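Here's a quick briefing on a protein chain with a ligand, written for someone who likes cut-offs spelled out. Have a look at the model first, then read on.

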Amino acid sequence: MASFEELGVREDLLRAIAELGFERPMPVQEKVIPHLLNEDSDVVALAQTGTGKTAAFGLPVLQRIDATVQKPQALILSPTRELCLQIAGDLADFSKYMHKMSVLPVYGGSSIESQIRSLRRGVHVVVATPGRLIDLINRGVVHLDLVNTVILDEADEMLNMGFLDSINEILAQVPPQRKTLMFSATMPKEIAGIAKNYMHNPVEFVIGTRNEGAANVNHVYYLVNAKDKYLALKRVADNNPNIYAIIFCRTRRETQEIADNLIQDGYNADSLHGDLSQQQRDTVMKKFRDGVLSILVATDVAARGLDVDDLSHVINYGLPDDIAVYTHRSGRTGRAGKTGVSVAIIHSRERGKMRDIEKKIGKKFERKEVPTPKHIIEKQLYNLADRLERVDVNEEEIGKYFHGVSRKLCWLSGDDLLKRVLSLEFNRLLDYYKDAPEIDYVEDRKPKKEKKENEVDNRPRTNKEKDRRTAEKGMARIYVNVGKSDGFYAGNLIELLNHNVNGSRVEVGRIDLLPNYSLFDVKKGDAARVVGSLKGADFMGKRLYSEVAEPDKNYSRAAARRNREAVSDDAGFETFKRKGRGGGKKAGRRKK
Ligand code: AMP
């Protein structure tokens, strides 16, 4: 296997990638780097994200730039702003030791003026989403006449997003003698069309097997009755205490519902879909990337911009109709040499679809039994034991309190102490899984239509059946007059509290998001502080009203009345006719 040096990578770039920990070229790099540096023909590379393709094109692109000429010499097109930013960031890392190299990401949804200013100052590499680039070309601020390399990254995604015309328009504007390199995970006929119209004798590289997910991904499935899918999902999550997963759903609505249910059931989850604003999506993606969230429930389209290397699982909440979508999903795990798991939670009628996918990817799905409560509890117990073994003990700090606490507990034996430590976490699970039903689908057991509701209700559901208006023990239930129809979700609530409530951080317990209002628990001692701060604050221009919830009050009706009372003022913001609630506080400004 050749080294980067043997592939022809220049010394300043070698230094930078060595610092990034790149020791040996990945297969796509071995093929693409020497080709881009030495050959004349263009390239179509079938490669998934995670195969090292950014360095494969990024290193030769940088090496071909003449830094003394302050004009764009390379153009990289990508489907989303997130990918754009990621590529630009990677190129900045690679070019750390290049003198005066300037890489500019340009994408929609952010200030065009600042992008124009940067372009006027002069840049060498433009990384762009097609729509914004066309806009900039039409304004006469991007000149592509010196471009010597064009990269189309995730070309199939760009086509899915309707960028074919834009791509054609852009390619028609760059000098015909440029080199063009197209990366795609699949090969639809439109890709072949672009290759035919705009590329010179393109050489095709296939990295891995065409249309196959990453080689080191195991495909497993759980077969359940349709109504038990959510329960099965929770069991899968519970059985993997260190889960870091994306759950793919088919619709925005399903995505939001599953995320809401998971949040209510105490999981560290959130949703990502097209009904959220760009800012909300950015926040969720950042939290997921930073590991603040361990489960992200997403639609395929919204998850496109998210690139995370170390997912433990991709979970298909049902199988997609389009096999390429499945390959994309599963290709998000098992990256950078790690083993990944792509899980499908399906009902019996989806088995045909699974067989089709198996044929296409040339791999079998392995059927697994839905984890039983016993299995889950054991797994969680050992995980806790593992954490106890590995936890860092700060001798100095804990020493200050240890003596006192140890004296208080001296009547307990070592065994008693351990049992109690474990019980702190496990009483909850034991209680939760008490009387939990068998949900694995049994072939000859036809789903019984006549099954009575109360039999189904034996299933463990911590919160749903409880009265929404009653707080958990030690907590106070708070009402606020915004709900899901206002685009208000759990993440917004937390953000709102962080921004508006003075003093120490407010811990939030159970949250119920309803169409027109929301109810949530906070510690009793925090209730007055929370209500006082929310009253008069605003969410997306809507003035908030909050109170400690009364168990007997009909909040649906109260919220409907309050919404009727709301009138739009000239600025398009909603204000209330009722007196005594002036001076809105803006969410986003933290009171001191
Ligand atoms: P990409 O497909 O470009 O998104 O790359 C996937 C991941 O592999 C990124 O985290 C890269 O930093 C990393 N990577 C790329 N090339 C190498 C290499 N030769 N050695 C080690 N890691 C690499």
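Let's start with serine 546, which is buried because its relative accessibility is 0%, where buried means under 20% relative accessible area, exposed over 50% and partly exposed in between, with a 1.4 Å probe and protein chains only. Keep in mind that this is a predicted model: local features need pLDDT of at least 70, side-chain atom pairs count only at pLDDT 80 or more, and totals for chains, interfaces and linings use all residues. Residues are numbered from 1 along each chain as its sequence is written, and side-chain values use heavy atoms, with hydrogens and water left out.

**Around serine 546**
- Serine 546 sits in strand 20 (residues 546-548); strands (E, at least two residues) and helices (H or I, at least four) are DSSP runs, numbered from the N terminus.
- A polar atom of the serine 546 side chain is 2.9 Å from the backbone oxygen of tyrosine 479.
- If you skip neighbours within four places in sequence, serine 546 is in contact with Ile478, Tyr479, Val480, Val531, Leu534 and Lys535, contact meaning heavy atoms within 4.5 Å.

**The chain as a whole**
- The protein chain has 22 helices and 23 strands.
- Of its 592 residues, 49% are buried.
- Among contacts in the protein chain with a separation of 6 or more, 76% join residues 24 or more positions apart.
- The accessible surface of the protein chain is about 29,300 Å², and carbon and sulfur atoms hold 49% of it; accessible areas come from the Shrake-Rupley method with a 1.4 Å probe, and for residues only the protein chains shown count as cover.

**The ligand site**
- Which residues are closest to the ligand? They are Arg24, Gln29, Gly50, Gly52 and Thr54, out of 14 residues that surround the ligand, a residue being near if one of its heavy atoms lies within 4 Å.
- On the backbone side, a polar atom of arginine 24 is 2.8 Å from a ligand nitrogen, and a polar backbone atom of lysine 53 is 3.4 Å from a ligand oxygen.
- Threonine 54 uses its side chain instead: an N or O atom there is 2.6 Å from an oxygen atom of the ligand.
- Taken alone, the ligand exposes 490 Å², and the protein buries 78% of that.

**The largest nonpolar core**
- This core has 39 residues, and Leu59, Val125 and Phe183 have the most contacts inside it; a nonpolar core is a set of buried Ala, Val, Leu, Ile, Met, Phe, Trp, Tyr and Cys residues joined through side-chain atoms within 4.5 Å.
- Elements that each supply at least two residues of this core include helix 1 (11-19), helix 3 (53-63), strand 4 (125-128) and strand 6 (179-184).
- Beyond its neighbours within four places in sequence, valine 125 is in contact with residues including Val61, Ile65, Ile76, Leu91 and Leu104.

**Two positive phi angles**
- Glutamate 154 has a phi near 45 degrees, a positive value in a residue other than glycine, and is found in the loop between strand 5 (149-152) and helix 7 (155-160).
- Glutamate 154 counts as buried because its relative accessibility is 13%.

**Lysine 227**
- Lysine 227 belongs to the loop between strand 8 (217-223) and helix 10 (229-238), and its 44% relative accessibility makes it partly exposed.
- Its side chain makes a polar contact with the side chain of aspartate 228 at 3.2 Å. A polar contact is a pair of N or O atoms within 3.5 Å; within protein, one must be able to donate a hydrogen and the other to accept it, and residues adjacent in sequence count only if both atoms are side-chain atoms.
- Lysine 227 and isoleucine 439 are 212 residues apart along the chain, with 9.8 Å between their C-alpha atoms.

**Cysteines**
- How many disulfides are there? The count is 0, a disulfide being a pair of cysteine sulfur atoms within 2.5 Å.
- Is cysteine 249 buried or exposed? Cysteine 249 is buried, because its relative accessible area is 0%.
- Cysteine 410, at 58% relative accessibility, counts as exposed.
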